[in-house]
Structures are given as C-alpha cells and as structure tokens.
Amino acid sequence: LEKIGENRSAELGHIISLIYDRVRWEEKILLEELKARDIETKFIDAKLLILDHQQSAKGIRQDFGDAVLQRCISHFRGLHVAAFLEGKNLRVVNAYRTGENCGNKLLTTSLLIKAGVPTPRTKICFSQESALEAIEDLGYPVVLKPVVGSWGRLVIAIKNREMARSVIEMRGQMEGLLSQIYYLQEMVKRPPRDIRCIVAGDNVVTAVYRYAPPDDWRTNVAVGGKTGPCPITVELRENVLRAAEAVGGGVLGVDLMEGPEGLVVHEVNNTVEFRGATTASSTNIPKAIIDYVVDFAAK
Amino acid sequence: VIKTKCLECEGGISIPDDVVAGEIVTCPDCGQSFEVSETNSSGVALKTAENIGEDWGE
C-alpha cells in the first residue's frame, strides 16, 4: 500500500484511503486535494488487494485508515470492496448500500418513487414477449436501458413497433446475466439537454447542463455531450437532495430532465465523474468532495 | 517529461512528470494503452491496461 504524506493532519488526525482501479482525471485531482491539505492518504489499487476475512478489524484499519473514498471505475469491484470494508466496521464513501441502489436502475427507480421524487414512468419485464407488450403500452418513443450500465451504453430510443421488435430480438440474443431484464422508460419530452448535479452529503455542490451532441439524443459526456452552466433553483435543490437521500446519500451525481411538468430525476450515479462539470462550473468540486469525506471521517 | 518505450511496438512514449501509478498512457505509434504500475527515480514501469468492462463507468 502506497502511503502519501508523512504527517497526520494536525487538525483532524484522520487517515483516509482512496481506493481506485484506474486513475482517471478525477482520482488524480482528488488525490492532489488530499495531499494539499496534508492529510495522510493511502492510495490503494483495488486490483492488487487481497482482502482476508481472517484479518482483524484493527489490522484492516491500519491498512485502510479511518475512512475510505471508494472510486473504482468497475462498479462491481467497488461494490465488493465497500461491502468487505464495511463488514470490518470501516466507513466507506459511498456506502455499499448506496452503491447497490445507484448501480441498479430498478432499485434507484423504486427508491425515488418511494421518496416521492418525480421520475419518468418505468416498466420492468423479464421476457421479450412481455417487453414488447410493455413498450406498446408506454407508447413511442420509449427508452430501453440496461438495468446495470453506464456511460449511456446500450441505451436505445425505440421509435416504432418495427424497431421495437428488432431491438428486443437483439437483446434476446445477448449474453450476460442481466441482458434478459428489460428496463423500459417513457421518453420525457425535454430540451436536448439534461442536468447533472453533484451532491456531497447535503451540499448541492454544482449543477451543469449536459447538451446532447449533434448526432445523438443521449447527453452523457462519454458519448460526446457538452456541459454548460446551470443555476441551482429551489426546485432543483429540493429534488436533488431528496433523490440523494433516497439512495442512501454520499457523494453522488444526480441526473435530471426538464419535463413538461417539471424536473424529473432519471439517474443517480455512485462514482460520479466530474471532469465535464468542471469545465462549466466555477465551483471547486474536488474540494467539496474532500470536505465531505473529511467530515465523514471525523464523525 | 519521462521517456519510456511501448511494450508492444517499442515506440517512444512521453509521460508527464506528475504521473501517478494507476494512470493510463497510450502509445502514440501503435495506440496500445498501458497502466503505469510503478513510478520511481529511474522512471516508470508499465503493464498492459485492463480492457473496458461491462460494469465500468459512473
């Protein structure tokens, strides 16, 4: 385990570990923020971990410090690391439960509805036959998403019955444990943009619009979406904080759309990427995230 | 800038001085991506980067 910073923070006396499996721009800037504060930081590659259930909680604490910022790019790797460390009474940002709730769109949607957060109408099916029936009922266009997935991958706008039959047939041929779970959502009539809001605890850190590229309807930065400044309105703040709380809280990326009847939350991201948001926001996002982690470690 | 060689084609790869282990570098000649596995006073060590997984992303 690589140890960075010789001095414990005089102010806090806490050791924080940042667990990664690939150092993106975000992990590097978060690490720089920790180092700038002279917080003793363990920068840990999850790919090299050998987690031993026999190891004592004290030994685990020596290896990982007082609090863990889990930043794995692999959802399931990060989820399992969080589960193990929480099982040893370590405190992890984000918690295992939050990761689970955000990583599965069915769970996210259920929790948003339960918390009264506006979200697009959604249906879940487990066969091609029922998926086609649900699509007809939702009406065209309809959005088909993988129940676990990110970066907009395999998110498809189905525009008519002919396309529905083809797409569902193709999904039926796909391998993968979750391929035969059909998460279908109404296509919200929105401008060609959505809103990415970054939240840390109860701090709504920043909001940016994400504009779809000219040749796509999806707004993910990973598919070429561009960001622009977005004001944090009362409605936005309220929905974002309720959505974050619904999934278990932490450092999150809440995605919303401007629907005909107001804002709707369609996704909450567990390991939020913020490079795109940084280009459109004057807020110091890594500072706000580390502020939250430091407070979390001290609690 | 740290100079190193591509493990695939032996082309030259230039890496910024502030690189940390875990970052990805790409060979400008052949396009292969590598993970920086170690940084030390004599340079950097590279290993083949993981392929993008189905569960990758935010």
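Me: Where is the place of Leu178(A) in chain A?
Reply: Happy to start there; this is a predicted model, in which local features need pLDDT of at least 70, side-chain atom pairs count only at pLDDT 80 or more, and totals for chains, interfaces and linings use all residues. Residues are numbered from 1 along each chain as its sequence is written, chains are lettered from A and ligands numbered from 1 in the order in which they are written, and side-chain values use heavy atoms, leaving out hydrogens and water. Helices (H or I, at least four residues) and strands (E, at least two) are DSSP runs, numbered from the N terminus. On that scheme, Leu178(A) belongs to the loop between α7 (161–173) and β9 (182–186) of chain A.

Me: Is Leu178(A) buried, partly exposed or exposed, and why?
Reply: Buried means under 20% relative accessible area, exposed over 50%, and partly exposed in between (1.4 Å probe, protein chains only). Leu178(A) has 34% relative accessibility, so it counts as partly exposed.

Me: Which residues make a nonpolar surface patch of about 330 Å²?
Reply: Patches are made of residues with over 30% relative accessible area and no salt bridge; like charges are joined within 9 Å, and nonpolar side chains (Val, Leu, Ile, Met, Phe, Trp, Tyr) within 5 Å. A salt bridge here is a side-chain nitrogen of Lys or Arg within 4 Å of a carboxyl oxygen of Asp or Glu, and accessible areas come from the Shrake-Rupley method with a 1.4 Å probe, with only the protein chains shown counting as cover for residues. The patch is made by Phe76(A), Leu177(A) and Leu178(A).

Me: Why is the pair of Tyr209(A) and Tyr211(A) tilted?
Reply: The structure holds 4 aromatic pairs over all chains. Rings of Phe, Tyr and Trp (its six-membered ring) pair if their centres lie within 6.5 Å, with planes under 30 degrees apart counted as stacked, over 60 as edge-to-face and the rest as tilted. The centres of Tyr209(A) and Tyr211(A) are 6.0 Å apart, and the pair is tilted because the planes stand at 55°.

Me: Which residue lies over the face of Tyr209(A)?
Reply: A charge sits over a ring if NZ of Lys or CZ of Arg is within 6 Å of the ring centre and within 35 degrees of the ring normal. Tyr209(A) is itself buried, at 12% relative accessibility. At 3.7 Å from its ring centre lies Arg193(A).

Me: How many disulfides does the structure hold over all chains?
Reply: A disulfide is a pair of cysteine sulfur atoms within 2.5 Å. The sulfur of Cys6(B) has its closest cysteine sulfur in Cys30(B), at 3.7 Å, too far for a bond. For Cys72(A), the closest is in Cys102(A), 15 Å away, also too far. Over all chains the number of disulfides is 0.

Me: What is omega for the peptide bond that joins Tyr140(A) and Pro141(A)?
Reply: Most peptide bonds are trans. Pro141(A) is in the loop between α6 (128–138) and β7 (142–145) of chain A. The bond from Tyr140(A) is cis, with omega about -5°.

Me: What is phi of Glu10(B) near?
Reply: Most residues other than glycine have a negative phi. Glu10(B) is in the loop between β1 (2–5) and β2 (12–15) of chain B, and is exposed, with a relative accessible area of 58%. Its phi is positive, near 65°.
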